[in-house]
Amino acid sequence: MREYEYHAPESFESLVNLASGDGAEVRFLAGGTDLIPRISAEKNQIPYEKKLPMRIIYLGTLGLDKVTEEGERVTIGACCTLSSLLENEIVKTKMPALRDALSEMAGVSIRNTATIGGNIMNASPAADSVPPLLVLDAVCALRSASGERRVSLAEYFTGPGKTVAKPDEVLVSITVKPGPGGSSFKKLGRRKAETLSVVNAAVYLELRDGFCQSARVAVGSAAPTVVRCVDVEQALVGKKIDEGVVREASLLVTKAISPIDDIRSSAWYRARVAPIMVARAVLTAAGRKRG
Amino acid sequence: MDLCRKEVSKMFNSVGKRVPRYDGIGHVTGRTQYVSDVRMPDMLTCKTLRCPYHKARIKSIDVSEARKSSGVYAVITKDNVPHNLFAMVPDHHVLAEEITRYKGQNIAAVAAVSREAALDALAKIKIEYEELKPVIDPEEAIADGAPQVRPEGNNHLFDGTSLVRKIRRGNVEEGFKEADFIVEGRYTTPSQEHAPMETCCSVAYLDASGKLVIHSKAQGLYFAQGDLANVFQLPLNKLKFVGGTIGGGFGGMNSIHTDHIAGLLALATGKPVRFALTREEETLFSTIRSPWIFKIKDGIRKDGVITARHVEVLHDCGAYTELGLYAVEKNANLIAGANLIKNLAVDSRMVYTNKMPSGSMRGFGVNVGQYAEQVQLDRLARAVGISPMEIRFINAFHVGDKNHTGNELASVSTIETLQKVAAMSGQKLPEKYLAMSSDK
Amino acid sequence: MSVMSRILKFYLNGNLVHVAAGEADTLLDVLRDGLGLTSPKCGCNHGDCGACTVILNGYSAKSCTILALTAEGKNVWTVDGLANGDKLHPVQRAFHEYGAPQCGYCTPGMVMAAVAFLNHYPSPTESEVKEALSGNLCRCGGYKKYVQAVMAAARGEFGPLPEGSVENV
């Protein structure tokens with residue numbers, strides 16, 4: 001059986017010393033709703049291979065659970081639970097797409113535990129918080145012994161389960177610019193609650209007199225990472241948003257995605273429902289235009 | 001007699017009323033003890049080595065290092081089982097013999113002071129497998145030259161002689177000649193796991209008198225007790241089963257999943273042993289409702305009367321018989337549905353494949369057959385151009401009819417049920433169907 | 001054994017407890033095996049079924065997804081802490097009177113999910129109740145009665161809900 005060690009650093013100074021590893025596999029623990037069941041499953045396996053000790057570093061004692069607003073930007077602490085964000089006034093009023101996504105993630109008890117940083121770092125192509133953050137032009141702040149760097153969420157994921165974060169880098173916050181437009185998120189799951197997306201879509205839209213000034217569209221669970229759908233965006237900009245325009249534009253989503261068959265769905269089905277999710281998200285976002 | 005009548009009328013005091021469950025307070029306060037909650041002092045944990053292949057030959061197995069592993073009290077293989085066969089049809093090995101027949105079959109078991117110690121010991125078992133070609137698909141398994149699941153072949157021989165279990169009534173060939181339409185359909189049902197909230201679990205120990213006590217999730221305690229007395233080679237007065245509240249069975253606990261191994265390890269160590277399956281083990285390796293394939297060929301007249309039916313049934317039983325045979329019997333008797341079919345032939349076959357064995361589950365054998373039969377009826381109705389309701393009225397059983405196996409029916413309510421269904425779903429029935437009754 | 005353990009201190013149903021906890025143990029492991037408190041059930045050990053639901057610092061949580069040592073100093077409530085002597089919590093009474101539990105294995109988790117939810121939303125709609133219980137699976141299929149019972153408890157059919165957070169129940 002591999003060894004596990006647990007640390008709950010109360011400052012970044014102590015965290016960076018631990019994060020260097022010293023021959024251990026370092027895992028940062030935020031909410032733990034993915035990591036802990038994985039560890040439990042591992043503890044039920046016959047330990048045929050010798051594995052490095054796992055060093056679990058808890059991030060819950062570092063005060064990363066605040067939402068702050070500064071000018072046009074909102075910064076979300078990586079350890080904010082999904083429930084706390086769902087009830088947050090800034091999220092509620094300025095980021096409807098994120099709010100939509102949070103309300104459809106897992107179920108209440110998991111949302112009470114799981115964090116937004118965990119959802120991002122898990123880097124699942126089906127992560128529901130990612131498409132809304134992507135259309136809100138989110139930037140991730142990574143901190144390590146060598147300081148802090150900022151990476152746009154659009155460049156953050158390198159594949160399923162993979163991000164640009166180095167093993168000793170901690171995601172500390174996500175900064176978004178909610179903007180003056182409307183946004184929305186649509187999810188298709190196999191059931192209503194406690195389910196991963198078959199396909200999801202988020203849209204941010206700025207309208208003037210019914211005409212689209214600017215559009216950002218992202219689709220999840222239909223490619224190795226969540227993807228922006230530039231063709232759809234271009235087909236919307238400059239047009240008067242009505243059902244026909246939206247339906248036609250949404251079909252272009254297939255240019256951006258590369259769905260696969262897996263336990264949740266088939267590539268065939270995903271390719272057919274992705275445009276529908278996009279179209280619904282566009283129409284809802286259009287109805288939510290602000291300012 | 002009067003006393004009896006009084007008791008009966010008292011019984012009906014509860015009908016239509018809300019009656020609190022006798023164990024409800026325990027459930028809402030969390031005080032109900034389930035088998036997985038049973039804790040004994042000095043209790044050992046059991047973990048098993050399971051076959052990673054659908055089919056394999058165990059060329060060698062060496063448990064000597066595992067026995068020396070820290071915290072280990074016992075490691076057992078087939079050589080340590082007094083009688084290595086169990087189940088309702090006792091052909092299932094408690095711990096695998098030379099040839100393993102399904103992925104996840106238990107090969108060896110460890111009792112140790114902790115889960116970690118038990119798993120560490122399992123990692124030290126030296127085992128050499130030769131992976132063999134399995135057969136997974138039931139139709140492939142009955143084909144000539146298919147890999148053999150069992151030494152005696154892949155087909156179950158009914159009464160030790162026949163490939164096919166037959167029901168015959170009237171003359172099917174003549175019946176098809178009378179028909180205006182012939183409708184054929186093929187129907188399949190997949191595997192299904194019971195998924196009780198509480199996974200399989202047993203706690204076994206020797207009491208002060210030396211009697212082996214097993215806290216069991218068994219749905220049929222006496223079946224399990226009799227079966228396992230044979231495995232342990234213990235007289236029944238040395239084997240006590242303790243049942244109680246369980247976190248769901250749904251038929252899955254008619255088969256033995258953990259009682260046998262927990263009992264053997266308690267006997268081997270003299271200590272209490274707990275053996276609980278993980279959710280993954282429960283889902284992947286316990287018995288299931290097994291797959292079925294039905295081919296139904298019907299002859300039907302323009303007036304909607306079914307003149308003949310030929311049903312071919314193939315039950316995929318998995319690697320061991322378990323309750324598969326029972327399911328085939330139930331299925332065969334009821335597959336023709338609540339219809340009077342004068343010319344009927346049912347040919348049921350049961351085939352072994354390299355999968356987990358077929359257990360019982362909620363109406364096993366019956367509801368899978370009814371799914372096929374009811375869809376077929378709708379297709380018959382379409383072929384003739386009548387409504388799905390009409391075809392069921394036209395062919396319905398009446399009181400005094402003989403059922404498919406020749407028993408006279410004393411109580412029949414097909415027509416009344418259909419009338420009620422029509423009323424509840426807002427369908428208007430023609431007067432002649434409203435006037436019908438199961439009494440001829 | 002190579003597995004390390006530490007002493008974990010937290011408040012269990014209002015009382016400070018000290019218990020040995022392995023560095024990778026879940027809160028469910030510690031409650032059931034460390035403290036012998038078997039009311040939180042293990043159904044999947046994967047965060048899916050909700051049978052292990054407890055109330056952690058006032059919010060429902062699936063204890064199999066909580067690393068035990070992160071509960072240091074926190075407030076944990078299980079169903080054992082709800083009743084006041086023989087006097088059941090209104091949610092417990094409602095579940096019993098409505099006949100919601102069948103095999104009962106999901107019930108302790110269902111009770112805790114419902115109590116935590118009603119503490120935050122004392123006058124819910126039926127669809128909000130369904131959402132609140134959506135992470136708790138009942139294989140017997142008792143969902144309808146569970147939802148009816150939570151609505152009845154919210155209406156005060158079984159007495160007023162205790163004031164304030166669960167810590168004061």
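1. Domain bounds here come from an automatic or database domain assignment. The model itself is predicted. In chain B, domain 1 covers 38–131 + 195–285. Domain 2 of chain B covers 165–192 + 289–434. The C-alpha centres of domain 1 and domain 2 of chain B lie 40 Å apart.

2. How many residues of domain 1 of chain B are in contact with domain 2 of chain B? There are 16, and they meet 16 residues of domain 2. On the domain 1 side, the residues in contact divide into 6 nonpolar, 7 polar and 3 charged.

3. Next, the two chains. Chain A puts 5 residues in contact with 6 residues of chain B. The chain A side has 4 nonpolar residues, 1 polar residue and no charged ones.

4. Now a helix pair in chain A. Helix α10 spans residues 243–250 of chain A, and helix α11 spans residues 267–287 of chain A. They pack at an angle of about 140°. Their axes are 8 Å apart. Angles over 145 degrees count as roughly antiparallel, and 65 to 115 as roughly perpendicular. The angle of α10(A) and α11(A) is therefore classed as oblique. The crossing of α10(A) and α11(A) is right-handed.

5. Which residues meet where α10(A) packs on α11(A)? From α10(A) come A:Val246, A:Arg247 and A:Ser250. From α11(A) come A:Pro275, A:Val278, A:Ala279, A:Val282 and A:Leu283. By class, this contact has 6 nonpolar, 1 polar and 1 charged residues. Arg counts as charged, so A:Arg247 is the charged one.

Technical notes
Residues are numbered from 1 along each chain as its sequence is written. Chains are lettered from A and ligands numbered from 1 in the order in which they are written. This is a predicted model: local features need pLDDT of at least 70, side-chain atom pairs count only at pLDDT 80 or more; totals for chains, interfaces and linings use all residues. Axes are lines fitted to C-alpha atoms, for helices over the stretch in contact, and angles run from 0 to 180 degrees between N-to-C directions. Helices (H or I, at least four residues) and strands (E, at least two) are DSSP runs, numbered from the N terminus. Angles under 35 degrees count as roughly parallel, over 145 as roughly antiparallel, 65 to 115 as roughly perpendicular and the rest as oblique. A crossing is left-handed if the near helix is turned anticlockwise from the far one by less than a right angle, and right-handed if clockwise. Two residues are in contact if their C-beta atoms, placed from the backbone, lie within 7 Å.
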